[in-house]
Amino acid sequence: MMKEEELALEKYIEKGGRVFILIDPDDSKQIKDFVAKYNIIVRDDIVVDKFSKMMGGDFLIPMIPNYPQHTITKGMRAATFFH
C-alpha cells in the first residue's frame, strides 16, 4: 500500500466511510500495521470455500454466487471469484 492510499483511506474512514479489505496470505506488514490502528488484528487464517470448487473455482478462491438488492450491486448477474 502506498502512503497516498493509506492517507486517502484514513480520511475516508474518519468521515464515517467503511472499507472491506482482503489481504493475501503473504501480504505486507504495512497493511497489517494500517488495520491495527483500527483495532483489527490480522491472523494467519485462510478462507476455504468448498462451494467455489463445485462451481469451477478452487478451494482457496472464495466465491460470491449472488448479491442482495443494493444500488452498488444493481445489475450484477455473474458470480464473483476473489482470487
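1. Confidence by element. In this predicted model, helix H1, residues 3-14, has the highest mean pLDDT among the elements, at 94. Helix H3, residues 50-54, has the lowest, at 79. Across the protein the average pLDDT is 85. A score of at least 70 is reached by 99% of the residues.

2. A nonpolar surface patch. Four residues make it: Phe20, Leu22, Ile64 and Phe82. Its area is about 400 Å².

3. Leu22, one member of that patch. Leu22 sits in the loop between H1 and helix H2 (29-36). Its relative accessibility is 51%. Leu22 therefore counts as exposed, because the cut-off for that class is over 50%.

4. Val42, in another loop. Look for Val42 between H2 and H3. Its relative accessible area is 31%, so Val42 is partly exposed. Setting aside neighbours within four places in sequence, Val42 contacts Ile23, Lys32 and Val35. Pro25 is 17 residues from Val42 in sequence. In space, their C-alpha atoms are 9.9 Å apart.

5. Thr80, in a strand. Thr80 belongs to strand S2, residues 80-81. At 22% relative accessibility, Thr80 is classed as partly exposed. Buried would need a value under 20%. Which residues does Thr80 touch, not counting those up to four places away in sequence? They are Pro62, Met63, Ile64 and Tyr67. Ile64 is also one of the patch residues. Pro65 lies 15 residues from Thr80 in sequence, with 6.5 Å between the two C-alpha atoms.

How values were computed:
Residues are numbered from 1 along each chain as its sequence is written. This is a predicted model: local features need pLDDT of at least 70, side-chain atom pairs count only at pLDDT 80 or more; totals for chains, interfaces and linings use all residues. Side-chain values use heavy atoms; hydrogens and water are left out. pLDDT is the predictor's confidence in each residue, from 0 to 100. Helices (H or I, at least four residues) and strands (E, at least two) are DSSP runs, numbered from the N terminus. Patches are made of residues with over 30% relative accessible area and no salt bridge: like charges are joined within 9 Å, nonpolar side chains (Val, Leu, Ile, Met, Phe, Trp, Tyr) within 5 Å. Accessible areas come from the Shrake-Rupley method with a 1.4 Å probe; for residues, only the protein chains shown count as cover. A salt bridge is a side-chain nitrogen of Lys or Arg within 4 Å of a carboxyl oxygen of Asp or Glu. Buried means under 20% relative accessible area, exposed over 50%, partly exposed in between (1.4 Å probe, protein chains only). Contact means heavy atoms within 4.5 Å.
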